[in-house]
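Visitor: I'm new to this one. Could you show it to me and explain how you decide what to call things?
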Amino acid sequence: MSGPDHAVPDPVSAGFAELGLGPGLQQSVDELGLSTPTPVQAAAIPAALAGGDVLALAQTGSGKTLAFVLPILQQIEDAHRRGPASRAGAGARRPTRALVLAPTRELALQIGEAIRDASACLNAPLRWGCVFGGVSINAQMMGLRGGADVVVATPGRLLDLIDHNALSLDGVQTLVLDEADRLLDKGFEDELKRVLALLPARRQHLLFSATLAPEVEALAEQLLHDPTRIDVRAEAVSVPDIHQRAIQVDAAQRTPLLRHLIQTEGWRQVLVFVATRHACDMVALKLQRHGIRAAAFHADASQTARREVLQAFKAGELQVVVATDLAARGLHVEALPAVVNHDLPRSPDDHLHRIGRTARAGHSGVAVSFVNADNEAHFRLIEKRQGLRVPREQVPGFEMKQTAPTKPQPLRNPLTDPDGTGGIKGKRKSKKDKLREAAAAGGGTGSDPHAA
Ligand code: ADP
Ligand code: MG
C-alpha cells in the first residue's frame, strides 16, 4: 500500500465524505462518532460503490462491517431515488436488493445492528431484516412480510424462510459474505450452493475476511468476476495491538492457572476459548464455584441462553465467557482486554480470529495461550503461520512438570488433531460433530435441534 499512485485515498486525511457516500450516511457515520475511515473502509467503499466485485482482507477489528454496510445502503438509497420505476409494482413485496450472509447468529445480529445505526439518518426509511436459526421462524416470517431492502442471514434459516415463501432472492443485486472463508468452507458448502443457485446470475459480490486459506481463495476466485482485491492486513493503522503470551502449564493445571491469572492480571473481562462444548461447561462451572462471574457459550445452548450470555458479557455483568470457536468469528465486545486459549484451536487461522476478539478498533489487548508438552508442536505451527515467536513463560506455582508428550506423537496430524489436550477424554470433536456444530452455528437446518 505504498507508492505514489495507488487509487486508495490517504486514510489519514480522507474523511467519509470523500468516499462517495451521500449526506444521510455521512450524517449517520458522524453521529456514530466516526471521523476517519479505516484503511479497509477507504479502499472498499469506493470499489463497492463502483459496482464491481470486491475481495477485501483486513485485520480483525478493523471496521469491515461498515466497509460493506455503507456502500450497500448507499446503493439502495440510490435505487430508491431512481424511483418506483425500478421497484416492483404497487402492493408487491419490496424486493431484497442486498443479502448479507454471516456464519453465526450472533454475528448476523451484530451486522443487523450496524445496518440499523448506519441507516438512522437516511431520508427514505430503509427496511432491513435479520434472520437466523434457534428462534421462532414465525416472527421472522411476519417481519419480512412487506419485504426488506437488505437481509442479513445465517444460511440455514435463510433457506428455511425461502422454503416458506417468506422471502425471494430474485431481486438481489449484491451478495456480501462476511467471514467469507468460513462461509466458503466445507461446513457451509451445501447451504451456500443452494443460496447461490437462487440468486440472479448478474450480481455483485463483496467478500470480507481477516484470513483466506489458499484452498478457499481458489473458491472465492471462482465466485468473483474481475474483483478489486484489497489486502490491508499489514496496514500499520489496522494491525491490532495484541500482546501475545504463551504460558507453559500442565493440562491439569490450566483451569487453576486461569483462575490465578483472572485474580492477578487485573483483567476486567476475559474471553476463554476451549475445544469442546463440554469443556466450556466444565471450565465455566469451576470458575463459578470460585465466585467468578463466568458463563459458557456454545452451540448446544438455546438461542435465548446464547443471547443472554453475550448481552451480559457486553454489558460487563459477566467477567468471563468460556466459549468454543463459535465465538471466534466477528464478535465485537467493546474494549475486551484479554483472550485466553485454554485449549489451542485446530487451525492457525482460527487462532488469529480468536485473539482478534481483543485489541479491536484501536484498543490494545493481551492474548494468552496455554501450551504444554502435548500441544507445543502445534503452537509452533501457529507461530510460524503468523511469522512470530512468542517467548514461553511459566507462572510460579504452576510450573510445567511434564516435559515429554503423553500421547503417541507420530500418529498425530497437527492440522486435524492439534493439541489432544481438549482436557476431556473422549470428547474431542469428530468430523460429524464439527459438521453438526457448523450447521447449528449457521442456524436452522434439519440437523439443528434448536432451529424453528
Ligand atoms: P471487523 O469486522 O473488521 O473485525 P468491526 O466492523 O466489527 O471490525 O468493527 C470493530 C469496531 O470498530 C466497531 O466497534 C466499530 O464501530 C468500530 N469502527 C468501525 N469503523 C470505524 C472508524 N472508521 N473509526 C473508528 N471506529 C470504527
Ligand atoms: Mg467482522
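Visitor: What makes the pair formed by His332 and ligand 1 a polar contact?
Guide: A polar contact is a pair of N or O atoms within 3.5 Å; within protein, one must be able to donate a hydrogen and the other to accept it, and residues adjacent in sequence count only if both atoms are side-chain atoms. Here a polar side-chain atom of His332 sits 2.9 Å from an oxygen atom of ligand 1, so the pair is within the cut-off.

Visitor: How much of ligand 1 does the protein bury?
Guide: On its own ligand 1 exposes 570 Å², and the protein buries 79% of that. Those areas are accessible areas from the Shrake-Rupley method with a 1.4 Å probe; for residues, only the protein chains shown count as cover.

Guide: A word on the ground rules. This is a predicted model, where local features need pLDDT of at least 70 and side-chain atom pairs count only at pLDDT 80 or more, while totals for chains, interfaces and linings use all residues. Residues are numbered from 1 along each chain as its sequence is written, chains are lettered from A and ligands numbered from 1 in the order written, and side-chain values use heavy atoms, leaving out hydrogens and water.

Visitor: Which residues come nearest to ligand 1?
Guide: Of the 16 around it, Thr36, Gln41, Gly61, Thr65 and Arg360 do; a residue is near if one of its heavy atoms lies within 4 Å.

Visitor: Why do you say that ligand 1 lies between domain 1 and domain 2?
Guide: Because domain 1 (16-82 + 94-236) and domain 2 (240-393) both give residues to its shell. The bounds come from an automatic or database domain assignment.

Visitor: What makes E3 and E4 a pair?
Guide: Two strands pair if DSSP finds at least two bridges between them, and strands are DSSP runs of E, at least two residues, numbered from the N terminus. E3 and strand E4 (residues 150-153) have four bridges and run parallel, so they count as a pair. Trp128 stands opposite Val150 in E4.

Visitor: Why is E3 called an edge strand?
Guide: The open sheet has seven strands, in the order E3-E4-E2-E5-E6-E1-E7, with parallel pairing. Strand E3 (128-131) and strand E7 (228-231) each pair on one side only.
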